[in-house]
Amino acid sequence: MLVASLSILSASAHIGISFPRAQAGPWTKDLTNTVHAWIGFKGKKFPCGGYKKGPVNTLRAGEVVNVRFWNFGVRDYDRFPPRSGISQGRHGGGACEFSLSYDGGKTWKVIGQYTKSCPDIYYQWPVLIPKNVPPCTDSDQCLFSMSWVAYLTNQFYHHCANIVIEGGDPKGKLPDLDMTVVDVTQLGQKMNTRAFGDRKSGKSSGPDSQEVALNKNGFFAYGGKGNSKGLNLNLQRN
Ligand SMILES: [Cu+2]
């Protein structure tokens, strides 16, 4: 009953991630009906929304993680692709980043980016956990996140998963690229920034093949060609 009434309340606007299994989704004991909303909505906090610890996802350095987006219209989150016809709050697409924090969300380094067509629940979005990151063993401190700067709305989304990272290089490093954070009034920012998207409200054309290649080949790793710049997110001030 609780889940059903929450999903009606929340309809299917906005977006979060279902894989890795992130905090405060229906796969947790702490389902929150604003889990898919932007940072700042009803006081929702940066980073991560301020939720309790979620399930611990075990990832391996060198592994490609196929990230899945999710909204309350996706009833069966274990099934991929979801049933057809689910309405999506894609807000015209925009720019997504996937990042790691080893310090409980104080600092974030980007391991993947997709521009314009992101997000979309009907595609998987491959992201490499770089081979040369250090291992991360404390699942209170080790986090994977999805962040999204939308096109049609000045909104910043941030959804996090507790993780551990096995393998890697004890002398390795996280990438140089810092996560882009905009539209967070809690940090003194104005809500005046969006990222140029595909301008579609429904299903997108999915991840761009050149961007998929970059996300799988180490472009974003420490020492990779993305260095401290990454891709152009096409940010625009209103
Ligand atoms: Cu929204």
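Guide: With strand pairing. Two strands pair if DSSP finds at least two bridges between them. Helices (H or I, at least four residues) and strands (E, at least two) are DSSP runs, numbered from the N terminus. Here β4 and β5 pair in the antiparallel sense over 5 bridges. L100 has K109 in β5 as its bridge partner. This is a predicted model: local features need pLDDT of at least 70, side-chain atom pairs count only at pLDDT 80 or more, and totals for chains, interfaces and linings use all residues. Residues are numbered from 1 along each chain as its sequence is written.

Visitor: How does β4 pair with β7, and over how many bridges?

Guide: In the antiparallel sense, over 8 bridges. C96 has its bridge partner W148 in β7. G94 stands opposite A150, also in β7.

Visitor: What is the strand order of the open sheet?

Guide: The order is β2-β8-β7-β4-β5, 5 strands with mixed pairing. β2 (56–60) and β5 are the edge strands, and each pairs on one side only. On average, neighbouring strands of this sheet are turned by 35 degrees against each other, direction ignored. The axes behind that angle are lines fitted to C-alpha atoms, for helices over the stretch in contact; angles run from 0 to 180 degrees between N-to-C directions.

Visitor: How do I judge burial?

Guide: Count C-beta atoms, placed from the backbone. A residue is buried if 20 or more others lie within 10 Å of its own, exposed if 12 or fewer, and partly exposed in between. Of the 238 residues of the protein, 45% count as buried. In β4, 8 of the 8 residues are buried, so β4 is largely enclosed by the rest of the structure.

Visitor: Why does S147 count as buried?

Guide: Because 25 other C-beta atoms lie within 10 Å of S147. S147 sits in strand β7. Contact is a separate test: two C-beta atoms, placed from the backbone, within 7 Å. Beyond its neighbours within four places in sequence, S147 contacts C96, E97, S99, F156, Y157, H158 and M179. V133 is 14 residues from S147 along the chain, yet their C-alpha atoms are separated by 20 Å.

Visitor: Which residues have the most contacts inside the largest nonpolar core?

Guide: I111, I129, V149 and I165, in a core of 56 residues. Such a core is a set of buried Ala, Val, Leu, Ile, Met, Phe, Trp, Tyr and Cys residues joined through C-beta atoms within 7 Å. Elements giving two or more residues to this core include β3 (64–70), β6 (124–128) and β8 (156–166). Leaving out residues up to four places away in sequence, I165 touches L59, A61, I129, V133, P135, C136 and C142.

Visitor: Which residues of helix α2 are buried?

Guide: In α2 (residues 209–216), E211, L214 and N215. They cover an arc of only 100 degrees around the axis, which puts them on the same side of α2. That arc is taken from the directions from the helix axis to the C-beta atoms. The buried residues pack against β5 and β6. The face turned away carries the exposed residues S209, Q210 and A213. Just after α2, G218 takes a positive phi of about 95 degrees.

Visitor: And the whole chain?

Guide: The protein has 2 helices and 10 strands. Of its contacts with a separation of 6 or more, 78% join residues 24 or more positions apart.
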